[in-house]
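Hello,

Here is the structure we talked about. Please open it first, then read the notes below with it on screen.

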Amino acid sequence: MSENILLKAENLSKIYQMGEVTVAAVKNVDIEIVKGEFAVILGPSGSGKSTLLNILGGMDQPSEGNVMMNGESIIGFNDKKLTAYRRDKVGFVFQFYNLMGTLTARENVELATELCKDALDIDEVLETVGLGDRKDHFPSQMSGGEQQRVAIARAVAKNADLLLCDEPTGALDFETGIKILALLRDINKKYKKTVVIITHNVPIGDMADRVIKMRSGEIIEIKENENPIDPERIVW
Amino acid sequence: MKKLDKRLIRTIGHSKGQFISLVVVVIVALIVYVSFSMIAEQMYNSIFQYYRETNFAHIFVDVSRIPGNSVDELLEIEGVDQVQGRIIFDVPLRVEDPNEKVNARIISDPGTEDQINSLFILEGEGPSPGTRTTAVLKQFFVGRDMKFGDTIRPYIGGTEYSLQVVGEVGSPEYIYLMENEQTLLPDEKGFGVIYVPEEFAQSAFGFQGSYNNIVVTVDEGHENRVDIIADEIEDRLDRFGVRSVITRENHMSHSVMIQEVDSLEMMSTSITIMFLFVAAVIISIMLSRIVRKDRIAIGVLKGLGYDNKQILMHYVKYSLAIGLVGSILGVLLSIPVADMLSGVYIQYMNIPLFTGAFDIRYLFYGTLLTSVFCIASGVFGARSVLKITPADAMRPETPKAGSRMWIEGFKALWQRLTFSWKMVLRNISRTKRRAFFLILGIALTYAVTMLPVFMSTIWNTLFDRQYSQLQKMDYSIDFNIPVERNALLELQQLTDIEFIEPKVELPFELVEGWRKETINVIGVQRDTIMYGFRTASGRQIELPSKGIVLTDILARQLQVQAGDTIQINSVLPGKSDKTIQVKAVVEQYFGKNAYMDIEQMYDILEERDIATGALLMTEADVVPDLKDVKNIRGINSVQDMRDAIMEYMDLIIASMGSMMIFGGVIGFAIVYNITIVSISERMMEFSSLRVLGFDKKDIFRLVTRENALMTVFGIILGVPLGYSICVGLVDYVSTDMYTIPAVIEPFVYVYSAAATLVFVFVAQLATYRKITNLNFIDALKNRIS
Ligand SMILES: Nc1ncnc2c1ncn2[C@@H]1O[C@H](COP(=O)(O)OP(=O)(O)OP(=O)(O)O)[C@@H](O)[C@H]1O
Ligand SMILES: [Mg+2]
């Protein structure tokens, strides 16, 4: 079983000290992400989802605890190794699309793939996310959903094993949101990527292999879905 | 191309104005550095190369008369390498226009091999022994438009001689040619040097077998002992009536040239550093703003796996691009500029070995210098990239903490301010460091602008002080042989003279401790109306009946003050030395002299009622009437000197103009860039104001008001800054020959302020386009660019 575990966090805590007040964004979290699965982290706003994901993605350091990727701890990593981890092991989709405004869709994707040794074919990935004909547009010329798809293409094209998506549908209307989710599911299946997405939208949990529920920085429930449903059938 | 580089190029494309203005600053720095440093170095080298090739003397001695064998005895002195006797006299030259006064310095040429100060033949040949031929110093040759075969006619001791021009020559002794220290500027038409065969000079001046000038060279190993050797020469020659012993260091042409080279170097260094420094500060302010704005983008890049070095480089490349583009254009432009400048120096400096060839090394140095400045400022400005973490990309920008300002403590005052003024003040206090730099930048602009305005007034002030206040005569006449005082009356019959006074002007050696200076002491009537003596504090004084009055340059060199007693030695042989009290130190801007009551002069000379010259006040042009008077050696006209300087005015105005451009470039670059940075930083704020109903003009007005306030402070700070720079410059360029009064007329301040306002205004106008072109909706929508 343990060779099936891609990412594993043990006793993870993140505490912010703000003057007198201490905020525990993440508290003693234990979590395992299985290779090839589609996991959803569910929780209300402020429950620590982004904080957790950032730590898993090597974007942020925990106050306490351990994170292991393929059995190797990333916590003691120096800046250089951590950068390499982000570059080679993780594709990250930001909550706000965070595209470079002065680069076209294609260039935004290339910005990421330039760093990687065996990146996927950019045009193919852009085709997959349905932007084959908008490659040369700048973000300001695209809708929010389209921008989000560029962001996903950017994360996917790196061909990393793990895809972490922070609220990929948060800023989108229902229909566009569904399309994005379907896309992520396809990528999960087609490219055999492990996908973890964050949402505060409970129904989205139905499409996941596993649902991790958070509240106030803690994991309150982990639920395996025997029969994940098609994204198209989600309603919220 | 790397996508990050593409992003960089587009970023530059979106801030063309800023990029270009910074590139211009770099270009100016580079051009100034390359052309001025290069010319300075080449000039320095070619001067000394010239000295070596012509065997330029180390010591110059003027005596009354010395036999040739006594000259040779100087070889006994340890360290003396070669000696050579010469005959030198300044005589009038007869020219076609009878009203034109032309003097020539006749110098004897021994015609031997390896002589001291050998002639550098530019064309033709040197004067050949046994003939009445002459070689003419280039400046004079050109200034009087001479041709080989022309005859020039010096007037020596009542006889007119004819000499045939056979050569055009250069001399290390007269790279910079001036008749004397009083003339201040070269007059190539009115005064020149001609070289004649030695035996001609000896017979014409009655100096068979003897000389009145000696040049000495010193062994290579003794070059640091030149002063000691000069002293020994002076002691040995005492009985021949030593008028002056001058070392190369104090030689007029040499010291002017060295000063020229030094000031070129100083200008090159200070302007280059100033411009690069301004560029560096703007770059680092701009980059740190860009990095702050790009916080999320940087977080994203880190999230994608870019490392610190790559991201830092991304931003440093911005400044590197400025340095590179600036360097390339600067290098391209500095080639013609250096060429042009060399041309000017070749023409004015008379150093035949100075070719002004372009020196590739300087392009390399210059590029290196600008690159280092740009990279350093880039790294400094972008260094906060390192502190940004990928997690930052997830957080919205935290608004800058607003806090109350001290001024809000004055409730009554604060409440009276309009809303816009409150915004202006808040914003200034929120970005104090940048506001400070803006004020400093405007102050610098003001000071840099003030310098040329001030300098263009120098000549007028100088003339006004020297001639309207100190020397009030219109003409100063020198006789060949001293005359009876009464003889002056005869002059009055020859021409139309309003007032005339006698003077006795003779060289004396003034000694205080080991310091000594040989200068002309001028005796005039106590109640003279020709001079208006003033002390440094501006107090008018009269000549004392006993004692001597020194000019300030002289007092400084001798290190004496009013009240001290000094020794006064006649340079004529056989007169005993006396002591005399310094009664006052007076201002004199050029020339160094000492003055005393003419009656006391008679006591010292033990001779009464003579005059070596006369001072005239008249409206008339007296030169035509007096030029044939046998005993008159020279007539100095104040008007002529004024005119001579006016000829230089064009050159002065041109160089002042370019200095003004420097001020403009700096002012524009600073105001424009800082304003753009400030606008881009407050996009959100302005957008909200737009939503509230402000229009573009209102926002422009807000920004303008802020800059106007800064400009006021900047100019206030600029006044003392400009003042100290002007005074510093005056100190720096003041030489043994002249001082420049540090009098800054009030209008100089006003003009500089007006020019500064124009620069600020233009820069402000340039930002208006930025404001109207800004898309406020985009600003509200886009999180990252
Ligand atoms: N830099 C920070 N300093 C202090 N507190 C922080 C910081 N970042 C996050 N927090 C706090 O940590 C808690 C968890 O934040 P986090 O962003 O992980 O929540 P979230 O579950 O992603 O919420 P949302 O659904 O709104 O994105 C919040 O209470 C937040 O205020
Ligand atoms: Mg979140």
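**Notes on salt bridges**

Glu76(B) counts as exposed, because its relative accessibility is 57%. Please bear in mind that the model is predicted.

Glu76(B) forms a salt bridge with Arg236(B), and the closest N and O atoms of the two are 3.1 Å apart. Arg236(B) sits in helix α6 (residues 226-236) of chain B and Glu76(B) in the loop between α3 (68-72) and β2 (80-86) of chain B, so the pair ties together parts that are 160 residues apart in sequence. With a relative accessible area of 34%, Arg236(B) is partly exposed.

Other pairs link the two chains. Lys3(B) forms a salt bridge with Glu110(A), with 3.6 Å between the closest N and O atoms. This pair joins two chains, because Lys3(B) lies in helix α1 of chain B and Glu110(A) in helix α3 of chain A. Both Lys3(B) and Glu110(A) are buried. They also belong to a network of salt bridges, whose members are Arg106(A), Glu110(A), Glu114(A), Asp123(A), Lys135(A) and Lys3(B).

Lys6(B) forms a salt bridge with Glu107(A), the closest N and O atoms lying 3.1 Å apart. The pair crosses from helix α1 (residues 3-14) of chain B to helix α3 (residues 105-113) of chain A.

Over all chains, the count comes to 36 salt bridges.

Regards

Definitions and conventions
Residues are numbered from 1 along each chain as its sequence is written. Chains are lettered from A and ligands numbered from 1 in the order in which they are written. This is a predicted model: local features need pLDDT of at least 70, side-chain atom pairs count only at pLDDT 80 or more; totals for chains, interfaces and linings use all residues. Side-chain values use heavy atoms; hydrogens and water are left out. A salt bridge is a side-chain nitrogen of Lys or Arg within 4 Å of a carboxyl oxygen of Asp or Glu. Helices (H or I, at least four residues) and strands (E, at least two) are DSSP runs, numbered from the N terminus. Buried means under 20% relative accessible area, exposed over 50%, partly exposed in between (1.4 Å probe, protein chains only).
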